[in-house]
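Please look over the sequence and the structure shown here before reading the briefing. The points are grouped by topic, so that each can be checked against the model in turn.

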Amino acid sequence: MRITDTSDVWWKSAVVYCLDIETYYDKDGDGIGDLAGLAERIDYLAELGVSCLWLMPFYPSPDRDDGYDITDFYGVDPRLGNHGQLVEVIRTAHDRGINVIADLVINHTSDRHPWFKAARRSVDNPFRDYYVWRDTTPPDTSKQVVFPDKEDSIWELDDKTGQWYLHHFYKHQPDLNLANPAVVEEILRTVGFWLELGFDGFRVDGIPFLEQTLKNVGDPEALVDPHDVMREIRGFLNRRAGHAMMLGEVNLPHEQQLDFFGGGAGDELQMQFDFIAMQATYLSLAREDPAPLVKALQERPATHPTCQWATFLRNHDELTLDKLSDEERQEVFAAFGPEPEMQLFGRGLKRRVPTMMGGDPRRIRLAYSLLFSLPGTPTLYYGEEIGMGEDLAAEGRMAVRTPMQWTSGANGGFSAAPPRKLVQRVVPDGYGPAHVNVADQRRDPDSLWNFVRTLIGSYRMCPELGWGRFSVVDQPHAAVLAHRCDLDDVATVVVHNLGSDPVVVDLPVDGSDEAHDLVDLFSLEEVVPVDGRVEVSLDGYGFRWFRLRPEGGMHLP
Ligand code: GLC
């Protein structure tokens with residue numbers, strides 16, 4: 001690897017931070033977070049060490065799916081601010097070395113989008129073919145809906161025209177017809193618009209459904225391969241902006257994800273979330289056994305060198321466990337969300353990490369240490385850095401979308417509005433702002449915030465975690481995961497104890513000869529191996545990170 005690669009292919013060693021503007025910081029005091037507020041928090045993100053900011057949808061929207069139901073792909077929702085304020089956010093972020101990506105929703109629009117309003121006027125309306133229609137009564141598709149609590153079919157009868165339109169998500173989100181070249185052109189124009197405004201790429205929403213949607217396009221002549229569509233968008237993206245990146249939400253088995261990376265050519269998505277490894281992480285944490293996680297990582301297919309897996313523990317949706325077997329899912333439910341009100345759609349949990357870990361700081365830190373030391377690009381969801389909890393009383397996925405907790409003051413310092421005017425109530429009780437907030441944790445050197453900041457710093461100092469070759473290090477303890485990431489002449493060697501009993505691990509650190517130094521990445525002290533091994537004592541749920549580097553101080557730390 002050349003050092004220039006870490007800036008050209010910046011996403012391979014980035015730290016991604018996702019937030020929703022409306023719940024981040026309310027500057028004008030109307031109870032809704034806004035762009036002007038976010039602009040004032042960019043230095044906070046820089047201080048934390050974030051290098052890529054992912055903004056959840058900020059487009060005009062009736063807000064029936066938290067902004068994923070869009071009525072204007074070129075707009076900014078006036079509740080959040082305007083294009084000028086968005087440019088200031090992007091400009092400020094760039095100045096602090098942070099790339100900014102936008103959520104790009106290409107599978108559907110809101111049913112109030114002017115295209116759909118036109119499309120449903122008549123079967124021969126010019127926009128009719130922007131969506132997917134059928135004439136005949138649909139079969140039972142209740143197993144294909146994404147939100148089984150609200151929908152029972154992916155087809156909805158449009159009374160006026162007597163045809164059914166396709167919607168994989170809510171019925172108010174009609175699926176776009178990507179087999180129509182005019183729709184793809186609209187998407188390209190949208191991509192071009194936001195790149196011109198300064199964005200560095202996109203998080204692309206709901207990719208598996210593009211394929212299913214295309215299968216439902218009635219006309220067999222119009223059958224389009226979703227990979228052709230992705231390649232076209234990618235080609236356009238990088239013609240317009242060489243450095244721009246697309247991070248796809250593709251919750252599919254690894255082999256199908258490899259296809260969405262563009263296989264050996266690497267010409268589709270540069271990044272994808274690793275849903276398989278995320279789910280395996282929870283199973284491993286529940287069992288106190290690294291085996292499921294190791295299996296998931298070892299089965300990850302090799303990608304094109306410019307492609308990358310995004311690792312994560314939480315996002316704004318339910319913590320989906322859909323790729324586990326029924327028994328495995330029940331194990332995770334039993335460990336981390338046993339009550340029905342903690343579960344969602346029969347497949348996931350509406351909780352955040354600290355509550356799932358029973359508030360045990362050792363286990364919370366263990367989870368984050370794993371996140372930052374596994375091979376890939378770590379992605380944080382706002383509030384994770386301070387250990388925010390959820391509001392189980394909030395409807396469905398809204399439980400984890402509560403306002404950011406800045407201070408112990410009123411509304412957690414999120415807004416000066418009266419509480420009843422807030423976009424959503426602040427987490428009540430034990431995880432509320434009185435106990436969990438940025439201001440207190442920034443001042444406390446032992447806080448979770450400072451710990452996460454250290455992890456971010458360590459990750460960024462060790463590009464081998466993003467770029468290197470992953471391997472499991474042999475050691476005899478069943479509850480211990482020892483792994484390393486090697487790149488050129490450096491390696492990070494990390495050891496985690498997933499169990500509650502203390503252990504002493506006799507850790508081989510191959511390569512630790514006279515030509516190499518070994519450094520403890522948290523204490524920054526040198527460690528001297530004996531016969532190529534180090535004895536590592538770990539408390540229950542303890543962990544250590546080491547770095548093997550050539551002697552002579554060419555490499556920090
Ligand atoms: C994605 C988003 C989710 C949204 C859905 C429909 O899965 O992550 O929040 O509801 O797409 O756009």
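What follows is a briefing on salt bridges, aromatic pairs and a charged surface patch.

This is a predicted model, and the values below should be read with that in mind. The count of salt bridges comes to 38, and the structure also holds 37 aromatic pairs. Some of these contacts are described below, together with the elements they connect and the accessibility of the residues involved.

**Salt bridges**

- D43 and R96 form a salt bridge in which the closest N and O atoms are 2.5 Å apart. The pair links distant parts of the chain, since D43 belongs to helix 3 (residues 42–48), while R96 sits in the loop between helix 4 and strand 3 (99–104), 53 residues apart.
- R300 and D274 meet through their side chains in a salt bridge, with 2.7 Å from N to O. R300 lies in the loop between helix 11 (291–299) and strand 10 (308–312), whereas D274 lies in the loop between strand 9 (271–273) and helix 10, so that this pair, too, links distant parts of the chain, 26 residues apart.
- Are R300 and D274 buried or exposed? R300 is buried, and D274 is buried as well.
- R287 forms a salt bridge with E331, and here the closest N and O atoms are 2.7 Å apart. Because R287 is in helix 10 and E331 is in helix 12, the pair ties together parts that are 44 residues apart in sequence.
- R287 counts as partly exposed at 35% relative accessibility, and E331 is partly exposed with a relative accessible area of 31%.

**Aromatic pairs and a cluster**

- Among the 37 aromatic pairs is that of F116 and Y165, whose ring centres are 4.9 Å apart and whose planes stand at 70 degrees; because planes over 60 degrees apart count as edge-to-face, the pair is of that kind.
- F116 is part of helix 5 and Y165 is part of strand 6 (residues 163–166), so the pair ties together parts that are 49 residues apart in sequence. F116 counts as buried at 0% relative accessibility, and Y165 counts as buried at 3%.
- Y282 and F336 form an edge-to-face aromatic pair, with 6.2 Å from centre to centre and 75 degrees between the planes. Since Y282 lies in helix 10 (residues 275–287) and F336 in helix 12 (residues 326–336), parts that are 54 residues apart in sequence are tied together by the pair.
- Y282, at 1% relative accessibility, counts as buried, and F336, at 0%, counts as buried.
- One aromatic cluster is formed by Y17, Y24, Y25, Y44, Y381, Y382, W406 and W449.

**A positive patch and a reference distance**

- R64, R112, K117, R121 and K160 form a positive surface patch. Of these residues, K117 is found in helix 5 (residues 114–119), and at 43% relative accessibility K117 counts as partly exposed.
- Q85 is located in helix 4 (residues 83–95), and with a relative accessible area of 26% Q85 is partly exposed. The C-alpha atoms of Q85 and Q173, which are 88 residues apart along the chain, are separated by 28 Å.

Key
Residues numbered from 1 in each chain as written. Predicted model: local features only at pLDDT ≥ 70, side-chain atom pairs only at ≥ 80, totals over all residues. Heavy atoms only, no water. Patch = residues over 30% accessible without salt bridge, like charges linked within 9 Å, V, L, I, M, F, W, Y side chains within 5 Å. Areas by Shrake-Rupley, 256 points an atom, 1.4 Å probe, with all protein chains shown as cover. Salt bridge = Lys/Arg side-chain N within 4 Å of Asp/Glu carboxyl O. Lys, Arg positive; Asp, Glu negative; His and termini not counted. Charge placed at Lys NZ, Arg CZ, Asp CG, Glu CD. Helix = DSSP H or I, 4+ residues; strand = E, 2+ residues; numbered from the N terminus. Buried < 20%, exposed > 50% of the residue type's maximum accessible area, 1.4 Å probe, protein only. Phe/Tyr/Trp six-rings, centres within 6.5 Å; stacked < 30°, edge-to-face > 60°.
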